[in-house]
Structures are given as structure tokens and as C-alpha cells.
Amino acid sequence: MAATIINGKELAQELRLGMKDEVKQLKEQGVTPQLTVVLIGDNPASKSYVNGKRKASDEVGILSNIIELPTSITEEKLLQLISELNNDQDVHGILVQLPLPEHIKEQHIIEAIDPSKDVDGFHPINIGRMMTGQDTLLPCTPYGIITMLQSKNIQIAGKHAVVIGRSNIVGKPVGQLLLNENATVTYCHSKTPDLKSYTRNADILIVAMGIPNVINEDYLKDDAIVIDVGINRVNGSLTGDVDFESAKNKAAYITPVPKGVGPMTIAMLLKNTIKAAKGLSDN
Ligand code: NDP
């Protein structure tokens, strides 16, 4: 039987409808959630991500402010800007679009953002809170993945989840969130020998490698739940890390690319911005 497709685009749309109401209520209380995105340089992929974030913000009524800076900006100047945004009571969420130019240390920038405005959920304080199971601003892609699983009432507790990839923004945190939900978690990465021996035992398989179409049905256990995080541009079109046509024959649930995890990442960014705005309004 062919897998059930978890459509992230539709789910994100549904979530945005609910968020629209939340934003309306906040505005009635005198708080307009505001997201400031800092975009450095001319990277076309970054520009397109930032545009997507602006469009989605507009849709739910979040005020978005995009600050475009030249690649030549110094780390010092960028840190100064972040400090100003940290102190600006009208700014609830700050996002510095990655990747950064080589002369700027990513970690310096991430750690400079006030954790209560860190809507990307990358600050070590937010990561630490996530690891200790506290309520916090969660990294958007992992948060979106958990939300997708929950939207289909997929039981996570007791399942064996295998995560391929261990980046700080996807692999590591998604494994942690699955662990928080009581899955048994195995991490695989480029030094893992015999990848299939792990993936074939996965009830839930999260694929975040950045290699197009590499995971086919041969890697899957029968009725696996397959979440494809990969975004690869091949001959001008977007494709995931999973060979969708092959994998859908064996999986019980699968996410497509596009219309999968990508739109959920943006939806969770909006959710975090609203959460940050609520936090401030409570003060
Ligand atoms: P990274 O390049 O930072 O990480 C890739 C991971 O895959 C690494 O941990 C690497 O291992 C592992 N890997 C690479 N090759 C293999 C292999 N042959 N076998 C097993 N593991 C391997 O990427 P990101 O985590 O940032 O992103 C992963 C993918 O997800 C990309 O396609 C990216 O574009 C996409 N993405 C999608 C988002 C969305 O919203 N849908 C958001 C963010 C990313 P090692 O650590 O050993 O090098």
C-alpha cells in the first residue's frame, strides 16, 4: 500500500489560520508581534528564504522588518546592530539569516541575540532548555517535524527513531525532541558504517543529509515513517534526500519535497515570534 503523505504546506496553512487569530488578540491588547530579519549579502537561496518568511509573517499579521546589509559588514557592526535590536522593545523576534560571510563567526552572532528573542532557537541557552525539557523557543525545523508527526497522531513514545545527520540546526535538535517525546534515538552521520543496518530498524526515520534522492526503499523498514528534511536543487528543481517514488512504496507515512518540512519550518518561526511577543507582553 502506498504511504500516506504528510503535506507540510497544507498543515502550515492550517496553523497560520490559528496564528492569525492569536495575533489579532495580541494586537487588541496593544502588542503587534514584530520579527526582524537580518540578511547579509546576495545569496539567492537566502533571499528566497527571507522572502518566504516575510510573506508568511504578512499573512498572519506579524510585522516583518528586513534589514539588508552588504557582505562587507564587520562582525563588530553586526553585533552592535543586534544589541540595538535586543534593546528595542518593539522587536520580539530577531533572526540573522545563515550562512554568514566567512569573516563573521556564526556562533558569536547566535550568542549575541537575546535568548528571549531568539526565534530560530539556536542560542545555547534555548538549546540547553530544550535538552532539559523546559518550555522554550525551539529550533524551527525540528519543531516543525514533531508538529507534523503529531498532526497525524503518530505515536513517538517507545518508537525507534533514527536520525541521519547531526547538524546543530536539524539533526542534533530533532533527535533531542524525539527523545523528549520518549523515542529511543539513534544518530547516524557520515562516519557511520553500514547506514542501512540502522535505517532498516527505524520506526521513524529522519533524513537530514543534504544529498539528493539517496535514501530509497532499500533503506527502510516496512511501514516506516519517513521525514525528508533535505532541500537540494537539482537541474533547477527542488528535491529531497529521499527517493520519494521508491520510498513511498514501503513507508506508512512520508513527507514530500517540496511541500514537506520546508513550509513547516517557516510556520514554526511565526509560532516562535508570537510566543516571544506573548512573553514580553506578560512582563
Ligand atoms: P549539514 O550539511 O550541516 O549536515 C549534514 C549531515 O549529514 C551531517 O551531519 C553529515 O555527517 C551527514 N551526512 C552527510 N553525508 C552522509 C552520509 N553519506 N551518510 C550519513 N550521513 C551523512 O546540513 P543541515 O543539517 O544543515 O541540512 C541537511 C539538509 O536539510 C540540507 O539539504 C538542507 O538544505 C536541508 N534543510 C532543510 C530545512 C527545511 O526547512 N526543510 C532547514 C534546514 C536544512 P557529518 O556530521 O559526519 O559530516
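**Reading a structure step by step**

Tutor: Let us begin with one residue and its neighbours. This is a predicted model. Setting aside residues up to four places away in sequence, isoleucine 231 touches Leu238, Val257 and Gly262.

Student: Where in the chain is isoleucine 231 placed?

Tutor: Isoleucine 231 is in the loop between β8 (225–228) and β9 (232–234).

Student: Is isoleucine 231 buried or exposed?

Tutor: A residue is called buried if 20 or more other C-beta atoms lie within 10 Å of its own. Isoleucine 231 has 20 other C-beta atoms within 10 Å, and therefore it is buried.

Student: Which residues does the UniProt annotation "binding site" cover?

Tutor: According to the unreviewed UniProt entry, the annotation "binding site" covers Gly165, Arg166, Ser167 and Ile231. Glycine 165 also deserves attention. Its place is in the loop between β5 (160–164) and α7 (171–180). Glycine 165 is buried because 23 other C-beta atoms lie within 10 Å. Its contacts, not counting residues up to four places away in sequence, are Val170, Gly171, His189, Ala208 and Met209.

Student: How many residues surround the ligand, and which are the closest?

Tutor: The ligand is surrounded by 25 residues, and the closest are Gly165, Ser167, Ser190, Gly210 and Thr265. By kind, the shell contains eleven nonpolar, twelve polar and two charged residues.

Student: Which helix gives the most to the shell around the ligand?

Tutor: That is helix α10 (residues 261–282), with three residues.

Student: What domain does UniProt place at residues 139–278?

Tutor: The unreviewed UniProt entry gives the feature "domain: Tetrahydrofolate dehydrogenase/cyclohydrolase NAD(P)-binding" for residues 139–278. In the model, this span is 35% helix and 19% strand, and its end C-alpha atoms lie 18 Å apart.

Student: How many bridges join strand β2 to β3?

Tutor: Seven bridges join strand β2 (residues 34–40) to β3, and the two run parallel.

Conventions:
Residues are numbered from 1 along each chain as its sequence is written. This is a predicted model: local features need pLDDT of at least 70, side-chain atom pairs count only at pLDDT 80 or more; totals for chains, interfaces and linings use all residues. A residue is near a molecule or strand if its C-beta atom, placed from the backbone, lies within 6 Å of it. Helices (H or I, at least four residues) and strands (E, at least two) are DSSP runs, numbered from the N terminus. Ala, Val, Leu, Ile, Met, Phe, Trp, Tyr, Cys and Pro count as nonpolar, Asp, Glu, Lys and Arg as charged, and the others, Gly among them, as polar. UniProt positions are given in the numbering used here, feature names are shortened, and annotations may be inferred rather than shown by experiment. A residue is buried if 20 or more other C-beta atoms lie within 10 Å of its own, exposed if 12 or fewer, and partly exposed in between; C-beta atoms are placed from the backbone. Two residues are in contact if their C-beta atoms, placed from the backbone, lie within 7 Å. Two strands pair if DSSP finds at least two bridges between them.
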